[in-house]
Amino acid sequence: MKRLFIIILALMLSFTASAQWTTRFHKADELKGEDSYWSNLYVSPSGYSMFVCWTNDTEVKIITREGIFDYSDDYVRVLVGFYKGESLVEKEEAYFFVPQGDRDSAYSSSYRNPGLGPKIKEWIKNSGNVRFVAPKFSGADFDMTVKQYKDLK
């Protein structure tokens with residue numbers, strides 16, 4: 001369900017020339033035992049990089065539409081920079097989980113990086129931008145700056 005939403009929004013937003021945030025409410029599904037939640041999607045100006053987070057999950061997700069992440073043992077090393085304006089305030093080295101069969105996606109992994117997902121969401125909502133840099137299997141590194149979004153759910 002989450003992946004389908006991401007694909008549909010990415011296709012819709014890929015025609016735009018500027019970065020964009022989209023927030024969507026998902027109703028509860030009693031049959032499946034799922035609670036309602038909000039999803040937030042950021043698409044980079046190029047349309048080739050995306051960031052996703054949800055209100056019902058502590059993880060955040062980065063996605064590349066150009067190649068796959070250069071992972072080892074299902075994890076990719078990601079540099080996460082926290083910015084105010086153009087100034088780097090803090091940086092962290094993290095290991096994001098890259099699922100089998102979906103190697104163009106990486107999740108913040110609360111197992112390897114406790115508290116990082118909520119910290120990223122809080123920073124984007126209240127403080128500034130977050131930049132992610134991660135190696136890809138070929139081509140240029142994944143390098144995306146997610147813009148501050150005060151309406152982040």
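**Ground rules.** I number residues from 1 along each chain as its sequence is written, and I use heavy atoms for side-chain values, with hydrogens and water left out. Since I'm on a predicted model, local features need pLDDT of at least 70 and side-chain atom pairs count only at pLDDT 80 or more, while totals for chains, interfaces and linings use all residues.

**Ring pairs.** I looked up ring pairs and got ten. Rings of Phe, Tyr and Trp (its six-membered ring) pair if their centres lie within 6.5 Å; planes under 30 degrees apart are stacked, over 60 edge-to-face, the rest tilted. Trp21 and Phe51 make an edge-to-face pair, 6.1 Å centre to centre with 80° between the planes. I take strands (E, at least two residues) and helices (H or I, at least four) as DSSP runs, numbered from the N terminus.

Buried or exposed, I asked of Phe51? Phe51 is buried at 0% relative accessible area, and Trp21 is buried too, at 15%. My cut-offs: buried is under 20% relative accessible area, exposed over 50%, partly exposed in between (1.4 Å probe, protein chains only).

Next I checked Tyr75 and Phe97, also edge-to-face, at 5.7 Å between centres and 65° between planes. Tyr75 sits in strand 5 (residues 75-84) and Phe97 in strand 6 (residues 87-97), 22 residues apart. Tyr75 counts as buried at 17%, whereas Phe97 is partly exposed at 30%.

I also noted a cluster linked by ring pairs: Trp21, Tyr42, Phe51, Phe96, Phe132 and Tyr149.

**Charges over rings.** I count these when NZ of Lys or CZ of Arg is within 6 Å of the ring centre and within 35 degrees of the ring normal. Arg103 has its charged end over the ring of Tyr71, 3.9 Å from the centre. Lys153 lies over the face of Trp38, 4.9 Å from the ring centre.

**Cores.** A nonpolar core here is a set of buried Ala, Val, Leu, Ile, Met, Phe, Trp, Tyr and Cys residues joined through side-chain atoms within 4.5 Å. The largest has 27 residues, and Phe51, Ile62, Val80, Phe96, Ile120, Ile124 and Phe132 touch the most other members. Among the elements giving two or more residues to this core are strand 3, helix 2 (116-126) and strand 8 (129-134). A second, separate core of seven residues includes Tyr37, Val43, Val52 and Ile63.
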